[in-house]
Amino acid sequence: MAALSWSEKVLELLLRMNRREKNLLPVCVQGQRIGWAVQTVAQHFSRYPAVFRLSEGSSGCLELNAHLKSPQERTTALQEVMESLRSQGIFPCLQEWRNEHYDVKGQFSDPTPLLSMERAATPLLGVPRYGVHVNGFLRRGTDIFMWIARRSLTKPSYPGLLDNLAAGGISAGSGVWETLIKECTEEACIPESLAATAKAAGTVSYSYTRQEAVYLECQFVFDLEVPETFQPSVGDGEVQEFYLWPLEKVIEAIAEDDFKPNCALVVLDFLIRHGYIQPDKEKFYTEFVENLHWSLGTS
């Protein structure tokens, strides 16, 4: 069997990151859909009738009980359910408990969250998760070099794999720009004055199901051009090392298993936006673009 080409490996990665189970149940709060749940997961939640109501049929949904009126009431009730399920060891994703909350909204731009919930628990309800990823790069003449991080071996997810210069989830109560500055300073010791020059470059979104958990993720992407004199350094311990690689080496690396999958997608998006992947030369160009911007609102 012939070895896969670079293009075929990248397409395989994209399809793996956009592979969702069919017939998911909508998850609703106060009539607003906030996520999607696998049928078997919804059955587990239905064992907590004080918090969840499961309706069957073609218009079925898993809904937070209407008597939970305020965001704080919903947050507290849901936290108790998730802690109970965690203690039972039913769902693998709950073993990555972070003691970090994400806001849950109908739309990301909504000013007030409907509730907040433990980060590790969000995939059980298919709640969209948002983060910030930073492409750090510099120019040497016509050549581009990119700063790549290697994740700490103690990270609960994807330990030791390659990552973007700085990245992190948007915690409850935080905004996109606030998260950008925080992750740059904490992970890579990037001065705030330099981090503030980052340019917004859109989003990368994807969705997949793994072990009954539905991962819907949207990453706000930023390009940060740094001077030749810049040198990132390990900050909060989430990164063990940084490399400055020519773009050609980065291009090869994103097709291999040594790269954290979603970070490879962020680099792929950079390559397309900066013209390093051309529609007349890349046979999977349209597939690449489509699968970098998966709609989080479809089942």
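**Salt bridges and a helix pair**

A search of the whole structure finds 13 salt bridges, a salt bridge being a side-chain nitrogen of Lys or Arg within 4 Å of a carboxyl oxygen of Asp or Glu. The structure is a predicted model, in which local features need pLDDT of at least 70 and side-chain atom pairs count only at pLDDT 80 or more, while totals for chains, interfaces and linings use all residues. Residues are numbered from 1 along each chain as its sequence is written, and side-chain values use heavy atoms, with hydrogens and water left out.

One of the salt bridges joins the side chains of E256 and K9, at 3.1 Å from N to O. E256 lies in the loop between α6 (247–253) and α7, and K9 lies in helix α1, so the pair ties together parts that are 247 residues apart in sequence. Helices (H or I, at least four residues) and strands (E, at least two) are DSSP runs numbered from the N terminus. E256 is partly exposed, with a relative accessible area of 38%, and K9 is also partly exposed, at 27%. Buried means under 20% relative accessible area, exposed over 50%, and partly exposed in between, with a 1.4 Å probe and protein chains only.

The side chains of E63 and R53 form another salt bridge, at 3.0 Å from N to O. Here E63 belongs to strand β4 (residues 61–64) and R53 to strand β3 (residues 52–55), so the pair ties together parts that are ten residues apart in sequence. E63 is buried, at 17% relative accessible area, whereas R53 is partly exposed, at 46%.

K182 and E183 meet through their side chains in a salt bridge of 3.3 Å, N to O. K182 is partly exposed at 37% relative accessibility, and E183 is buried at 8%. A network of salt bridges links K182, E183 and E186.

Helix α1 (residues 6–16) also pairs with helix α7 (residues 261–273): their axes come within 10 Å and cross at roughly 120°. Axes are lines fitted to C-alpha atoms, for helices over the stretch in contact, and angles run from 0 to 180 degrees between N-to-C directions. The angle makes α1 oblique to α7; under 35 degrees counts as roughly parallel, over 145 as roughly antiparallel, 65 to 115 as roughly perpendicular, and the rest as oblique. In this pair, W6, V10, L13 and L14 of α1 meet P261, A264, L265 and L268 of α7, contact meaning heavy atoms within 4.5 Å.
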